[in-house]
Amino acid sequence: ALYRALTVALLESGVPEESWETLSESALGALGVRVTPRGSELQVRLGERVLGPELRTVEVTALVSPLARLPAVRGALLELQRQAGARGRLVADGRDMGTVVFPDAEVKVFLVADIRERARRRLLEQVGSHPSDQELAEEVLRIGARDARDAGREISPLRRPDDAVDLDTSRLSFEEQVSAVVE
């Protein structure tokens with residue numbers, strides 16, 4: 001969510017996408033993305049505003065992976081992530097949580113799912129209805145390209161932590177996934 005929040009911040013600030021790679025960690029930090037505790041949860045904020053649905057727009061989804069490749073972005077968000085974890089009892093999800101951000105976490109679960117199922121879930125989340133075969137095929141290509149970019153990036157690549165428990169969620173409902181992780 002923090003990478004998505006930073007994407008929202010950049011889009012709203014008017015910084016042209018082609019200049020994102022020139023921004024420093026301090027310039028990115030000045031955009032005001034932060035995490036605050038609220039009860040047993042953490043809220044992702046941009047300034048004083050709690051971010052929600054805007055984190056999952058098509059535009060943000062398309063831009064978050066290229067943004068996450070940038071060393072300054074990873075550096076700017078790493079300390080925010082670790083500060084959130086320092087409070088304890090954190091469930092974090094992300095492509096480098098168990099390898100870079102929290103390498104000493106007590107429990108690491110590496111979730112996988114069939115790429116067609118991932119595409120179907122993403123489209124259901126975005127449009128709220130079952131996708132056509134064409135839409136599904138296009139989303140499979142987008143997800144496959146993102147996976148390849150993230151696995152091949154130089155800094156904090158997507159990889160399975162050696163000490164993680166694998167969980168294939170392809171055929172599991174959300175409730176079954178939660179149960180399996182807790183178990």
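Which residue in strand 3 does Arg45 stand opposite? I looked it up, and the residue is Val50. A reminder to myself before going on: this is a predicted model.

**Entry 1**

Three strands make up an open sheet, ordered 1-2-3, with antiparallel pairing. Strand 1 (33-38) and strand 3 (49-50) are the edge strands, and each has a single partner, so one side of each has no neighbour in the sheet.

I then went through the pairings. Strand 2 covers residues 41-46 and pairs with strand 3 over two bridges, in the antiparallel sense. Strand 1 and strand 2 are also antiparallel, and I noted six bridges for them. For an example I picked Thr36, whose bridge partner in strand 2 is Gln43. Strands 1 and 2 form a hairpin with two residues between them. I checked the turn as well, and Gly39 there has a positive phi of about 65°.

**Entry 1: Lys108**

Is Lys108 buried or exposed? I found a relative accessible area of 9%, and the cut-off for buried is under 20%, so Lys108 counts as buried. Lys108 sits in the loop between helix 5 (97-101) and strand 4 (109-112).

I wanted to know what the side chain does there. It reaches the backbone oxygen of Gly98 at 3.0 Å. The side chain of Lys108 also makes a polar contact with the side chain of Asp163, at 3.0 Å. Leaving out neighbours within four places in sequence, I listed the contacts of Lys108 as Gly98, Phe102, Pro103, Pro161, Asp163, Ala164 and Val165.

**Entry 2: a pocket**

I turned to the second largest pocket, which holds about 190 Å³ of space. Which residues line the second largest pocket? I wrote down Phe102, Asp104, Ala105, Glu106 and Val107. Sorted by class, the lining has three nonpolar and two charged residues, with no polar ones. Phe102 was already in my notes as one of the contacts of Lys108.

Helix 3 spans residues 58-68, and I looked for its buried residues. They are Val60, Thr61, Leu63, Val64, Ser65, Leu67 and Ala68. The buried residues of helix 3 pack against helix 1 (2-13), helix 4 (71-86), helix 6 and helix 7 (133-152).

Gln126 belongs to helix 6, which runs over residues 115-127. Not counting residues up to four places away in sequence, Gln126 touches Val58 and Thr61. Gln126 and Val58 are 68 residues apart in sequence, yet I get 7.5 Å from C-alpha to C-alpha.

Arg122 lies in helix 6 too. I have Arg122 down as buried, because its relative accessibility is 16%. With neighbours within four places in sequence left aside, the contacts of Arg122 are Arg4, Thr61, Glu139, Ile143 and Arg146.

Notes:
Residues are numbered from 1 along each chain as its sequence is written. This is a predicted model: local features need pLDDT of at least 70, side-chain atom pairs count only at pLDDT 80 or more; totals for chains, interfaces and linings use all residues. Side-chain values use heavy atoms; hydrogens and water are left out. Helices (H or I, at least four residues) and strands (E, at least two) are DSSP runs, numbered from the N terminus. Buried means under 20% relative accessible area, exposed over 50%, partly exposed in between (1.4 Å probe, protein chains only). A polar contact is a pair of N or O atoms within 3.5 Å; within protein, one must be able to donate a hydrogen and the other to accept it, and residues adjacent in sequence count only if both atoms are side-chain atoms. Contact means heavy atoms within 4.5 Å. Two strands pair if DSSP finds at least two bridges between them. On a 1 Å grid over the protein atoms alone, a cavity is a set of points where a 1.4 Å probe fits but cannot get out, and a pocket is an open set with protein on both sides within 12 Å along at least five of seven lines; lining residues have an atom within 4 Å of a point. Grid points are joined across faces, edges and corners, and a volume is the space filled by probe spheres set on the points. Ala, Val, Leu, Ile, Met, Phe, Trp, Tyr, Cys and Pro count as nonpolar, Asp, Glu, Lys and Arg as charged, and the others, Gly among them, as polar.
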